[in-house]
Amino acid sequence: MKSIYFDNAATTKVDDKVLETMLPYFAEKYGNASSQHLKGQEAKIALEKSRKIIAKSIGAKSSEIYFTSGGTESNNFALKGLFSNNKKNHILTTKIEHDCILNTCKWLETKGAKVTYLDVDKEGFVNLNELERAITDKTIVVSVIHGNNEIGTIQNLEAIGKICKKKNVLFHTDACQSFTKVPINVEKQNLDLVTLNSHKIHGPKGVGALYIREGTKITPLLHGGGHERKLRSSTENVSGIVGFAKAVKVSKSEYVDKMIKLRDKLIDRILKIPNVKLNGPKENRLCNNVNISFNNVEGEAVGGYLEQKGIFTSTGSACISHSLEPSHVLKAIGLSPAQSNSSLRITISKYTTDDEVDYFLKVLPGIIKKLRRISPLK
Amino acid sequence: MSLEYSKKVMQNFLYPKNMGEIKNPDGVGKIGNPVCGDIMWVYIKVANDKKGKKIIKDIKFKTFGCVAAIATSSMITQLAKGKTLEEAEKITKKDISESLKGLPAIKMHCSNMASAALKLAIEDYEEREKRSSSNTKGTQVLFIFFIF
């Protein structure tokens, strides 16, 4: 049975080279990076080498990288940490953030934060004028997702960064999906905090980082032994961090070019099926993201038939969410609940082949046809 | 799938039974689920059995919905086919989910929807029956209404 993994926005396969780099850190170089002895120092050296690689990849200093357990923790750390250390109380974000930003904001609202959730346009872009107008003298931070995990929209960080600099507010971005796919430079884009993670870029799960610009006042999320320059206690996940850094090192712009070609082939060919709609933009879109609504059929059902053919995808349908509500991102770009329920997300990776794309394109029209025959909607 | 579906659910989803519509049905039940947006239509054809009891002679469905919605539609049609109207009306969401060897908790509302759609189809049939038996009266009412 075929196994075609088209859910790379959820997580990715660990690169062989990454795994190989990690292995010695389990049973040989297993020291605690805080230990003074040789075993500990061995781990410490690996840790700092990894930090340097990650810092360099976003134009930051090593001392500005704080390792965490992943994207969710980094996003929680950024917003909760800034809010707790500030007299101001306003957070400016968008309606298309990942749940870990939105739910952190909702929680912070119960602690006295005022949060503005900016609308986005039909393709998922933030309106820069609106963003500028929404900044008040109480604003602590502007937090905008770089590459959207559902519809692939890539925000113009440089333009937002300029506004934040002009208005003298902090700028945070969740770059989990865009990291290694879209250039990030903390100076050029005037970023004060950046959320990064490993398992979306062919690294291991359970590891991520938060870039925090030097001098930023922030309270730790985890209190303890004072690891990570007192901002993130917990014995460092050395094997994970080494793998994370290796994943950054093996990423190449050629992979991005390859994915763009396959993505556009998928989009062009799927749009030939009658009554379908591309969700998200054609330009400034993550190289690995395709999101389509198929009128009158339900996304989970499409996914179910695709799975039968060995293809793994995802949907923004209410049917798979625990709240039974359709995706908030698709709602924010103006989709009706029915259109959201009809959505299918296909996210490819550097490992995706032409043959896999062709096979998918071969089986998809028949599945849509069959489900449309079952559907009472015309 | 993101949810654990039984083999029976997957069979009914991938190869649904009684899918389609009945031309000139005796009753149609149309239901939309406000919770998740699913839509289910059930068509029935009614006939008398040997004992003169009214039975569901044929039943078909059309569904816009997820794996569970399609599977429960397929299952209700199989459970109801050949049953007397009285028996068919008594099919519960529990009967459906048990016949499917269980449904994830979050999908139980799908089986509810299927039994409700069938009940609506039977009600529709009974309404039509009433109307046709008092056809003349009905026309009169309509006529008066138009003059008014």
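## Helix α9 of chain A

The face of α9(A) turned away from its buried side carries Ser253(A), Glu254(A), Asp257(A), Lys261(A) and Asp268(A), which are exposed. The model is predicted: local features need pLDDT of at least 70 and side-chain atom pairs count only at pLDDT 80 or more, while totals for chains, interfaces and linings use all residues. Residues are numbered from 1 along each chain as its sequence is written, and chains are lettered from A and ligands numbered from 1 in the order in which they are written.

The buried residues of α9(A) are Met259(A), Arg263(A), Leu266(A) and Ile270(A). Seen down the helix axis, they fall within an arc of 60° (taken from the directions from the axis to the C-beta atoms), so they line one face of α9(A). They pack against β9 (276-278), β10 (289-294), β12 (343-347) and α13 (354-374) of chain A. Helix α9(A), residues 253-270, has 18 residues and should span 26 Å at 1.5 Å a residue; its end C-alpha atoms are 26 Å apart, which agrees. The expected span is 1.5 Å times one less than the number of residues.

## Chain A overall

Chain A has 13 helices and 12 strands; these are DSSP runs numbered from the N terminus, with helices being H or I of at least four residues and strands E of at least two. Buried residues make up 51% of its 378 residues. The C-alpha trace of chain A spans about 65 × 50 × 35 Å along its principal axes. The radius of gyration of chain A is 21 Å, which agrees with the value near 21 Å for a compact globule of 378 residues. It is taken over C-alpha atoms, and the globule rule is 2.2 Å times the number of residues to the power 0.38.

## Contact between chains A and B

The contact takes 20 residues from chain A and 19 residues from chain B, where two residues are in contact if their C-beta atoms, placed from the backbone, lie within 7 Å. On the chain B side, α1 (7-14), β2 (39-48), β3 (54-64) and α2 (67-80) each supply at least two residues. The most come from β3(B), with three residues.

In α1(B), Val9(B), Asn12(B) and Phe13(B) are buried. What covers them includes α10 (299-308) of chain A together with α2 of chain B.

Technical notes:
Buried ≥ 20, exposed ≤ 12 C-beta atoms within 10 Å, placed from the backbone.
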